[in-house]
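Please keep the sequence and the 3D view at hand as you read.

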Amino acid sequence: MSCGNPTVETDALMPRKKKYDKTNECVRCKTSLGNIVIRHAVYCKECFFPLVTFKFRRALEPFVNAKPDGPRRTALKPKGNLLVGFSGGLGSTVLLDLVYRCYVSMDKSTMPAEGGKQHPRHERVWKKVSVCYVEVCDIFPGMKDRTPEVAQLVAQHDGLEFIPLRIQDAFDSSWWARAHSSPGRIDLGVDLTNEELFLNSVPSSTSSTPLESLRTFLASLPTATAMSSTINSLIRLLLLHTALDTGSSHLVLGSSLTSLAVSLISGVSQGRGFNVKEEMQEEWFPDRAPEPSSQREKRTGKGERSVRVIRPLRDVGRKECAAWAWWSGLRVLGRETWPWPGLKQDIGTLTKNFIFGLEKDYPSTVSTIVRTCTKVAPKGEASGICVLCARPIQAGIQEWKSRISIRSRSPGDAIDEKTPVGPSLASHLCYACHTTLTSTSSRPAPPFDATVTKSSLVALPVWVPPQFSEKEELFRTQKMGQEKMRNVVQDFLLDE
Amino acid sequence: MPPRNCALCHEARAILKRPKTGQQICRDCFFWVFETEVHNTITEAGLFKPGDRVAIGASGGKDSTVLAHVMKTLNDRYQYGLELFLLSIDEGITGYRDDSLETVKRNQQQYDMPLKILSYDELYGWTMDAIVSQVGKRNNCTFCGVFRRQALDRGASALHVDHIVTGHNADDIAETVLMNIMRGDIARLGRCTMICTQGEDTIKRSKPFKYAYEKEIVMYAYFKKLDYFSTECIYSPDAYRGHARAFLKDLEAARPSAIIDIIHSGEAFEVKEEIRATQKQQQTCKRCGYMSSNDLCKACTLLEGLERGIANAAITDRARKKLDAEGPAPENLRTIPFYQPSSTPNPALPVTIEGAHN
Ligand code: SF4
Ligand SMILES: [Zn+2]
Ligand SMILES: [Zn+2]
Ligand SMILES: [Zn+2]
Ligand SMILES: [Zn+2]
């Protein structure tokens, strides 16, 4: 509409930054002078620590036991160990500190006051706590390897196991073999030049290193956003598989309230609306084949392996994390910025800048975003699990896409006659992953390294092929079919 | 670069790059694909049935000008069997509406559609100019939005139409999805991606352009040589929405599918059952009969505030309390004519369709 403001039907204007109450007194103890303002309320330093610890426990502990069982007095008995996903950033530094104080060193000051010494909270919860760091520096030439620094930082905490990974492990069959004690394959490739994303086998003769496979994959992606969200998704999957490998029932991530709000908005902007729930908290069942949810429920047995992903700092803002780190004297390594101009065109980065800016003028924005997202649920049936990101696929998305944005004038036109019609990856992907692999921009991603070239057939991450062989996917039968056909016709073929 | 063939017909030379998909296509294929997508949207949602009387909310801007053209085209091509009307709201903003109402009047002639113009002044006794002079430029769009919505319904009821179609495009909807998440407006978040909404007994409203990119609407107008007014309202929208809009433009530049992807996200979730249960039930306004979630509808509350000089009464709870504290509304308060959504003409509002047929 011409007013340029057609959708105004609002009565809810955003509250602007408010001045906190005139008094400088801490709202909790009402005696000390305040040291920090958290969303309009003033706290003193002494009251700040219990507040953050309380928020941390409140977001984590109700989800420790396999079945949430009402009264919070019951002992915490997780099914397995704990894995901490560590990035070096502020949030994960605070997370590591809190996990260590509350569950490893059993720091008295973090214990709930009620219940005395006999309180079940005073026992060690997880038998083993591991910390996993995924180094991405090999993607970008000249980027610093932070692994030694991270190793040193983790080593300052007794009783933590350190697991350093590299992002290229996602394309490393030997990493897979180590983590799963089953042979890994990266022999399945996808044609990224066609929207159908046809699958094909990657000839074993083209033996490239895991790093080469990774870099070719990234270089062949259509946009900067695709590259950046693929890296994040690979890290997530590496962490999940590592959790499985370490017998962890829980994976904790250091997303603060602020970064959770960023990832929610960024996810929505990339078509991840169906997975808003998972973005906040999810449980991954690795043994469930990617098939419709109705069939899946039946197979849910007792001894089934699963990893629960929890973000215990989801109620703690960026500013509170910074105060925690500062007052506790924590060393924050910080995350290395990728030396890549593509970040300027990355939806994740754009969202981060937008939300950080908004938070200054409208401080309640981030908590509102997160609160809104807890009030929505995915609509409709899931038709399976995405083979790339392991999240539920909404039913009917391919039809939706082709109806909303017509890409050919006649059905079947999209498929070029020259292209061999093989099995396609498209129907095994969620909306966002399909968009990541196919959606283009007039501004293609700037190269992260001029020496890496695009390829029309790129190998898929190491967790993708097993999902197809388990399903007796068309892919195999098709290869058989070709051979069979030759057997049938060969008597009629003339010698050349 | 050598001339490229159209990615859709493979015959004609491609002359444009489609903002929505990036495909390089010819002009005819652009018209075809744009119109067919709108047709798909209409048929998939089952928006109309033959014989429906449908009003096009016409502002003279690009969206509604193109909408009028496309609705007429599709109605003829696919024999929807619709009776189409133009319905315009005059907000009373000096120098802004005057020109665009001329566009609407021209459309009325070109497409031979009856036109009804309804002004805020005639319905509420207040023009936007007068409102702004009282409330300032901060909440003016709130007044304007609430008043426009009710004015459209009333205009539609005066025209006896069952359905209003508006020119909301994909960019508008994506922006609203983001806004509603950021403001925590759960009720609207659930509603804003719906193609068609219908209150208890109000007229259906739908958005046939909900998947049409703003850039393509401009492109369509350009190639069809449709003229429209792109004057910006002098009372510009609130700053927060401005931020959201700039952000959306950045997203679109980074990856054009972002607009559709956000709408997809909005359609992929719904408000949880237990939260929906706590939302307010709709009722009708005690004063004007329009649908409302309180005793008084928003328009009546805003109007009462204006009349009593407490303009922000419906905007903040505190101001509303102040209004209540000052006692009941005076007897002689100017009010909105009572709303009777029915097939009988509204007696309070004489139907004066501007002469299209004479
Ligand atoms: S910008 Fe605001 S005041 Fe102007 S026409 Fe639009 S809604 Fe009304
Ligand atoms: Zn205190
Ligand atoms: Zn996915
Ligand atoms: Zn063409
Ligand atoms: Zn009313």
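## The zinc ion, ligand 4

Along the chain, the donors of the zinc ion (ligand 4) are spaced C-x2-C-x16-C-x2-C. They are B:Cys6 (SG), B:Cys9 (SG), B:Cys26 (SG) and B:Cys29 (SG), at 2.2 to 2.3 Å from the ion. Distant parts of the chain are linked here: B:Cys9 belongs to the segment before β1 (16-17) of chain B, and B:Cys26, 17 residues apart from it, to the loop between β2 (24-25) and α1 (27-44) of chain B. Donors here are N, O and S atoms within 2.8 Å of the metal (3.2 Å for Na, K and Ca); water is not among the atoms, so sites may look incomplete.

The angles that the four donor atoms subtend around this zinc ion (ligand 4) are 103 to 118°, so the arrangement is tetrahedral. For tetrahedral donors the ideal angle is 109.5 degrees. B:Cys26 has a relative accessible area of 5% and is therefore buried; buried means under 20% relative accessible area, exposed over 50%, and partly exposed in between (1.4 Å probe, protein chains only).

## How to read this model

This is a predicted model, in which local features need pLDDT of at least 70 and side-chain atom pairs count only at pLDDT 80 or more, while totals for chains, interfaces and linings use all residues. Residues are numbered from 1 along each chain as its sequence is written, chains are lettered from A and ligands numbered from 1 in the order in which they are written, and side-chain values use heavy atoms, with hydrogens and water left out.

## Two further zinc ions

The zinc ion (ligand 3) has A:Cys386 (SG), A:Cys389 (SG), A:Cys430 (SG) and A:Cys433 (SG) as its protein donors, lying 2.3 Å from it. Their spacing in sequence is C-x2-C-x40-C-x2-C. A:Cys389, in the loop between β12 (382-385) and β13 (392-394) of chain A, and A:Cys430, in the loop between α13 and α14 of chain A, are 41 residues apart, and this pair links distant parts of the chain. With angles of 102 to 117° between the four donor atoms, the arrangement around ligand 3 is tetrahedral. A:Cys389 is buried at 1% relative accessibility, and A:Cys430 is buried at 1% too.

B:Cys288 is buried at 0% relative accessibility, and B:Cys297 is buried with a relative accessible area of 1%.

## A sheet in chain B

Now look for an open sheet of six strands in chain B, with mixed pairing and the order β5-β4-β3-β6-β8-β7. Its edge strands, β5 (115-119) and β7 (196-197) of chain B, each pair on one side only. Strands (E, at least two residues) and helices (H or I, at least four) are DSSP runs, numbered from the N terminus. Two strands pair if DSSP finds at least two bridges between them.

Why is strand β3 (residues 53-57) of chain B largely enclosed by the rest of the structure? Four of its five residues are buried. β3(B) pairs with strand β4 (residues 83-90) of chain B in the parallel sense over five bridges, and B:Ala55 has B:Phe85 as its bridge partner in β4(B). β3(B) also runs parallel to strand β6 (residues 163-165) of chain B, joined by three bridges. In β6(B), B:Ala55 has the bridge partner B:Ile164, and B:Val54 has B:His163.

## A covered helix and the meeting of chains

In chain A, helix α14 (residues 431-438) is mostly covered, with eight of its eight residues buried. The cover includes α5 (210-219), α6 (224-245) and α13 (397-404) of chain A together with α11 (258-268) of chain B.

Between the chains, 78 residues of chain B are in contact (heavy atoms within 4.5 Å) with 64 residues of chain A. The area buried between them is about 6,600 Å², and carbon and sulfur atoms give 58% of it. Buried area is the accessible area (1.4 Å probe) that two parts lose on being put together, summed over both. B:Met182, B:Arg255 and B:His264 supply 11% of the area that chain B buries against chain A, more than any other three residues.

Notes: Tetrahedral: all angles 85-135°; square planar, octahedral: opposite > 155°, others 65-115°.
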